[in-house]
Amino acid sequence: MRTLGIAGRIRSVQIDILTLFPQMFQSPFSTGILNRAIDQGLVRINIHNIRDCTHDKHHIVDDYTYGGGAGMVLKPEPIFETVESIKPDIKEGVDILPIILLTPQGRPFSQEIANELSSYRYMILICGRYEGVDERVREHLVTDEISIGDYVLSGGDLAAMVVVDAVVRLLPGVLGSKASSMDDSYAAGLLEYPQYTRPAVFRGWSVPQVLLLGNHAQITNWRREQAIKRTLERRPELIDKASLSLGERQLVDGLRNCLPTPPPSNLSLTNTI
Ligand code: ADE
């Protein structure tokens, strides 16, 4: 097991990751915000090589699929044993410990799930590989399955990094100011407003005037309006769930009336057949 970080004084979170490729985690966890969070003891990340819990000469972790078919399946024994070796380290809440398998069959990862996971003190992430993982791991070990999108990666390792990144940045003390994660896209159910920095004019393109005048109330209103417009244009399905004031709902209705009506979804099909 390789440990990236030392548990700190304030409430620190421990994440244990089971993988066949521990080296994949070195770079993402040793740069940027994740690295700082580890150095500050806000999170402790333990990387476990599943292969270390094999007992045969060749350290075999996979085998043919029963019933026939292409590809290899990860064996249950080393995964169960690795998780069992971690459990004695868990100081509290072992009965509610999330044991998460990263798989394209899992529930779609979202900001809401990141928030939910950020409230746990411990969690275990299992990175699948090859054609799959023995079903008994799903049935008798894991408590949750997460997918980071409707596409297939070569394994759950990159998905685990995505989950860790999204969760760790929400932990108290990780980001400089509380506001920075509050303003994130999705934090309030809306996409983030446009951001600008100096110069005020670049190649003839100016920063919106309102941002230069220093009126904070106007800036807040402008940002909120931009966030709503952007969400409506790019991710209209998010708008209905977002928490908006009555005035903002009226703004949405007004904007909806201005947006071009999308063509019926079967139109282009009919035309091309
Ligand atoms: N493993 C392979 N593809 C994946 C995905 N989309 N999400 C999570 N784990 C995966």
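How many nonpolar, polar and charged residues does the shell around the ligand have? In this predicted model, the shell is made up of seven nonpolar and six polar residues, with no charged residue.

**Ligand surroundings**

There are 13 residues around the ligand, and those that come nearest are Leu 102, Pro 104, Ser 147, Leu 153 and Ala 159. Strand β6, which spans residues 99-108, supplies three residues of the shell, the largest share.

**Strands and sheets**

Strand β2 (residues 13-19) and strand β3 run parallel and are joined by seven bridges. Within this pairing, Ile 17 is placed opposite Ile 47 of β3. Strand β3 itself covers residues 43-49 and is mostly covered, with five of its seven residues buried.

Strand β5 (residues 72-74) pairs with β8 in the parallel sense, over two bridges. Val 73 has Gly 132, in β8, as its bridge partner. As a general principle, strands of a sheet pair through backbone hydrogen bonds, in either a parallel or an antiparallel sense.

| Strand pair | Bridges | Sense |
|---|---|---|
| β2 and β3 | seven bridges | parallel |
| β5 and β8 | two bridges | parallel |

**Helix packing**

Helix α8 comprises residues 216-234 and helix α10 comprises residues 246-258; their axes come within 11 Å and cross at roughly 45 degrees. Angles under 35 degrees count as roughly parallel and those of 65 to 115 degrees as roughly perpendicular; α8 and α10 are therefore oblique to each other. The crossing in which α8 passes α10 is right-handed.

Glu 192 belongs to the loop between α7 (178-182) and β10 (201-202). Although Glu 192 and Arg 230 are 38 residues apart in sequence, their C-alpha atoms are 7.9 Å apart in space.

Note on methods:
Residues numbered from 1 in each chain as written. Predicted model: local features only at pLDDT ≥ 70, side-chain atom pairs only at ≥ 80, totals over all residues. Near = placed C-beta within 6 Å. Helix = DSSP H or I, 4+ residues; strand = E, 2+ residues; numbered from the N terminus. Nonpolar A, V, L, I, M, F, W, Y, C, P; charged D, E, K, R; others polar. Buried ≥ 20, exposed ≤ 12 C-beta atoms within 10 Å, placed from the backbone. Pairing = 2+ DSSP bridges. Axes fitted to C-alpha atoms, helices over the stretch in contact; angles between N-to-C directions. Parallel < 35°, antiparallel > 145°, perpendicular 65-115°, else oblique. Left-handed = near helix turned anticlockwise from the far one by under 90°.
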